[in-house]
Amino acid sequence: MLDDTDTQQPDATRRGLLGGFALASTATFLGVTLPLQLTATRALASDDAVDGKTGLVVLNDRPLNAETPAHLLDDPITPTTRHFIRNNGIEPLEVDAATWTLTVDGLVDTPLELTIADMRDQFEVHTVALVIECGGNGRAFFDPPASGNQWTVGAVGCSEWTGVRLKDVLEAAGVQDGVVYTAHYGADQHLSGDPDKLPISRGVPIAKALTDDVLIAFEQNGEPMHIHNGAPLRLVVPGWPGSCSQKWLTRIELRDVVHDGPKMTGQSYRVPAYPVAAGQSVPDEDFVIIERMPVKSLITHPADGAEVSSATEVRGHAWSGDRTISAVHLSTDFGTTWIEAELDAPVNSGAWQNWRAQVELPQAGYYEIWSRATDDAGDMQPFAIAWNPKGYLNNRMHVASVRAS
Ligand SMILES: Nc1nc2c(c(=O)[nH]1)N[C@H]1C(S)=C(S)[C@@H](COP(=O)(O)O)O[C@H]1N2
Ligand SMILES: [Mo]
């Protein structure tokens, strides 16, 4: 079965696209400072390489994978032009929002076949800001390295999505007794071109599917969705691995077993059920499915590598799976002292929270600004990475290096 590893292009192709960037440049990375040479080299290849996107850094072109540099995620709501792209297969070539249908079947009382217009007519339409973060965001910092897309920090976004609640649609279909899991299907094709294979088909526990936050979306930031973000119809399951948020959505099936579609099984979007040492090999049967994403923050201003004055505003976002962030702290002295940032409430459940702080840098020189979020269950971002074989869930504190003049 294909997993993240197999969806990588051969090195030669990737190097051609990225102008000399080699995965090895992150392999020995141990400390906290962002690898500046990596950032700089990647930026060369980034300039608007993807239609309708601005400043994204392309990691791979088949399938297309592109992340957003942290400083381009500075807006409270992520503009469509800056929302990252994570594809496992080949996108559908032509999509027509007028004729697109969603099938809801499996263990339901009444199977449904709905157009987008049907959904707008039959259900309440909601517009909400929702975080999508790839389960592998931060993988580039794993040591030993984990195979798969070498995301740094920018496989995350919080656009405003318009659609209907999955819950409302499932309740209209009638959820039968014994349903434990959803299964999501999209219109993209397997990289091999084999029409009988799916690139990815994941699901969520039925309890999660029936929460208010899970949306079947047909607009992004008040406009038609970007094709790379799943137009004309996608799921958005905020706070859970982005892989749960099926793009180009065509079908939702309800099952009485945990879904076993491509990228549900093996080591995909899974972590060991027990703590492991860095580099330890773990048998497949000891892996468990990732559910909520962990507490995390991102510094979006100043940009990593910026020249700043001694008094400077630092700002960014923080989020934690299905929870709320209760505090964000910043340190400019390697964790010796901390200040608390001003923190906004989420604009709605499922959105990230924006924060800002005025930071005083005591003298000219080099600083690392660390950000550390704490959620309402008391979880705090760690200093170090809890290593796992596939490089998921890196929620280490974010660091922006600056030079004060
Ligand atoms: N049909 C389909 N849906 C998909 C994927 C995919 O490859 N095909 N990738 C998933 C993964 S792994 C992530 S992280 C999110 C990324 O959403 P985005 O590309 O809109 O940022 O989409 C998810 N939905
Ligand atoms: Mo992902």
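In this predicted model, a nitrogen atom of ligand 1 is placed 2.6 Å from an N or O atom in the side chain of D188. When ligand 1 is taken alone, 530 Å² of its surface is exposed, and the protein buries 100% of that area. Two further polar contacts involve oxygen atoms of the ligand. A polar side-chain atom of K247 lies 2.5 Å from an oxygen atom of ligand 1, while a backbone N or O atom of N88 is found 2.7 Å from an oxygen atom of ligand 1.

The surroundings of the ligand comprise 19 residues, of which the closest are F84, N88, D188, R234 and K247.

Elsewhere in the chain, five strands form an open sheet. Their order is β16-β23-β22-β18-β19, and the pairing is mixed. The edges of this sheet are β16 (306-308) and β19 (339-340), each of which pairs on one side only. Within the sheet, strand β22, spanning residues 365-375, pairs with strand β23, spanning residues 398-404. The sense of this pairing is antiparallel, and seven bridges connect the two strands. Along this pair, G365 stands opposite A404 in β23.

Several backbone features occur in loops. Most residues other than glycine have a negative phi, and most peptide bonds are trans. A cis peptide bond joins D143 and P144, with omega at about 0 degrees. P144 belongs to the loop between β6 (125-133) and β7 (156-165). A cis peptide bond also joins H301 and P302, again with omega at about 0 degrees. P302 lies in the loop between β15 (296-301) and β16, and β16 is an edge strand of the sheet described above.

The positive phi value is that of N221, a residue other than glycine, for which phi is near 55 degrees. N221 is located in the loop that runs between β9 (215-220) and β10 (223-224).

Notes:
Residues are numbered from 1 along each chain as its sequence is written. Chains are lettered from A and ligands numbered from 1 in the order in which they are written. This is a predicted model: local features need pLDDT of at least 70, side-chain atom pairs count only at pLDDT 80 or more; totals for chains, interfaces and linings use all residues. Side-chain values use heavy atoms; hydrogens and water are left out. Two strands pair if DSSP finds at least two bridges between them. Helices (H or I, at least four residues) and strands (E, at least two) are DSSP runs, numbered from the N terminus. A residue is near a molecule or strand if one of its heavy atoms lies within 4 Å of it. A polar contact is a pair of N or O atoms within 3.5 Å; within protein, one must be able to donate a hydrogen and the other to accept it, and residues adjacent in sequence count only if both atoms are side-chain atoms. Accessible areas come from the Shrake-Rupley method with a 1.4 Å probe; for residues, only the protein chains shown count as cover.
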